[in-house]
Amino acid sequence: MESIGLIRDFLKDRLGVEPENVVPDAALAALGVDSLMMLELMFEFEDRYSVKLSRDLKSPRTVGEMVSLMDGLIAQSKR
Amino acid sequence: MNQRRVAITGLGLVSPYGGDLADFFTRLCAGQSAVGHLLTEDVPRPLSMPFVTSPGFDPAVALGKPLAGMMDRYAQFGMAAAFSAWDDAGFPRQTGHECRNDWGVAWGTALGGTMAYEHGYRELWQRGRERLSPLTVVLGMNNGANAHMSIQFGLGGVSMSHTVACASSAIAIGEAFRRVRSGEATVMLTGGSDVPQAYGVARAWEALRVMAPGDAETSPFACRPFSADRRGLVLGEGGAALVLEDWDHAVARGARIHGEIVGYGTTCDHSHLVRPEAEGQIRAIRLTLADAGLTPADIDYVNAHGTATAEGDPVEIAALKAVFGDGAERLAVSGTKSMHGHMLGASAAIEAIVTVLALRDKAIPPTAHLDQLDPACIGVDHVTAARTGQPLRAALSNSFAFGGSNAVLAFRAVSQ
């Protein structure tokens, strides 16, 4: 669950979303993350962890999906 | 062709004084300058110049964080002004049962999202980054402001931006006016916004030797149009918006009508990039009067372009004298850039608002700091202190841009 902090910080900073609303079941769209914001969030993530996301990555739908995606990539990069 | 009358039903701006529209006009009539001194922390050499900023403007408060984050500062100014004008017009922000597919936006901006690109250059060249935020494109594009407005208000008609240097928003307003008058659009949101304090932009303006000097103490008096001791123009950031509406539509819904826009004319000097010519300005003023069905004798006030450059001011007065002939000496003229500065693409919009308020409130704001008139600018009735209780019938607002583009707007008072 390393990446949940990044997602919470990002949503608070960019969209004013309170951290307690950023829970695994929450739909990203409902929190105000549209396709452009998703690109920006991916960009921040890549920057922070020096990883590169694949271009044909399937867009996560919920906070939980986003967290598992990001945590997976972080784990891979540490190997 | 059956032409519609065009009502001005909404006015809004980000006031350089920090208050609302009424406060803005009161201060302007009091001759109060909004010009301050800009001192940045830029490397290698900070910007230090007279400048008009809106320090009280908080985009997150005016627009909400999610929306503000999707915009460059120029679009934030534009959107805030547009919300204010839209609310003033009495329209709900969201489309209700009415169809807004023939409602549109025509927005003026000389620089667009320059700040977003400058931020990108700093990231790449100063901070050694290798890539940029994916939002840079949508922040930087010149049509960002109008695109956001169309989305926020559900406007399905034309959404366009006009980039014509200092005449950007005069042309935007004029083109919007024509669309409502022809019946193509029921409502057009129009105006302009710009933020000229990008480091590269401000330095470029300095290099042209047209900027008035000033420090923290003297900056408020730095811009002196038509004055013998004028030293040049003062840049500023700003945004101003107007709602133009089919007259019958406005009356039917019981809207308050601030004034009527009745004419628009635009020409090009086609001679020099920065040296203005009276001939092109004369043609623009005459086209506007003809378009409005007015004669020079009908005009009671002209809000001048009046930037306070050595070359520009006398040429504008020469043009007015040529059009108004013997009546020029009785023609009330003022240059309000002496107080709100030159906001590039927002200038004509803020001056259109000033002109409409002058007609509505029967009050002419002055040219500030005009103690000693330049002999080269003699020949019109320069307003050096506010005149109230003036029964004004019609007025013009001039905008003459680098590139030689001239645009003039004509407005008529509405009996209250």
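**Exercise 1. Determine which residues of helix 11 of chain B meet which residues of helix 12 of chain B, and describe how the two helices pack.**

Step 1. In this predicted model, A278(B), Q281(B), I282(B), I285(B) and R286(B) of helix 11 of chain B meet V315(B), E316(B), A318(B), A319(B), A322(B) and V323(B) of helix 12 of chain B.

Step 2. Sorted by class, the residues of this contact between helix 11 and helix 12 of chain B comprise 8 nonpolar, 1 polar and 2 charged.

Step 3. Two packed helices are described by the angle between their axes and the distance between the axes. For helix 11 (residues 278-292) and helix 12 (residues 312-324) of chain B, the angle is about 50° and the axes are 9 Å apart.

Step 4. Helix 11 and helix 12 of chain B are therefore oblique to each other, and their crossing is right-handed.

**Exercise 2. Describe the packing of helix 1 of chain A against helix 2 of chain A, and list the residues that make the contact.**

Step 1. Helix 1 (residues 4-15) and helix 2 (residues 35-49) of chain A pack at an angle of about 130°, and their axes are 11 Å apart.

Step 2. Because of that angle, helix 1 of chain A is oblique to helix 2 of chain A, and the crossing of the two is right-handed.

Step 3. On the side of helix 1 of chain A the contact is made by L6(A), F10(A) and R14(A), while helix 2 of chain A brings M37(A), L41(A), E44(A), F45(A) and R48(A).

Step 4. By class, the residues of this contact between helix 1 and helix 2 of chain A are 5 nonpolar and 3 charged, with no polar residue.

**Exercise 3. Work out how the two domains of chain B meet, and find which element gives the most residues to the side of domain 1 that touches domain 2.**

Step 1. Chain B is divided into domain 1, covering 6-252, and domain 2, covering 263-412, and the C-alpha centres of these two domains of chain B lie 21 Å apart.

Step 2. The contact between them involves 57 residues of domain 1 of chain B and 54 residues of domain 2 of chain B.

Step 3. Among the elements that give two or more residues to the domain 1 side are strand 1 (6-13), helix 1 (21-29) and helix 8 (168-182) of chain B, and helix 8 of chain B gives the most, with 8 residues.

Step 4. The residues on this side of domain 1 of chain B divide into 35 nonpolar, 16 polar and 6 charged.

Terms used. Residues are numbered from 1 along each chain as its sequence is written. Chains are lettered from A and ligands numbered from 1 in the order in which they are written. This is a predicted model: local features need pLDDT of at least 70, side-chain atom pairs count only at pLDDT 80 or more; totals for chains, interfaces and linings use all residues. Axes are lines fitted to C-alpha atoms, for helices over the stretch in contact, and angles run from 0 to 180 degrees between N-to-C directions. Helices (H or I, at least four residues) and strands (E, at least two) are DSSP runs, numbered from the N terminus. Angles under 35 degrees count as roughly parallel, over 145 as roughly antiparallel, 65 to 115 as roughly perpendicular and the rest as oblique. A crossing is left-handed if the near helix is turned anticlockwise from the far one by less than a right angle, and right-handed if clockwise. Two residues are in contact if their C-beta atoms, placed from the backbone, lie within 7 Å. Ala, Val, Leu, Ile, Met, Phe, Trp, Tyr, Cys and Pro count as nonpolar, Asp, Glu, Lys and Arg as charged, and the others, Gly among them, as polar. Domain bounds come from an automatic or database domain assignment.
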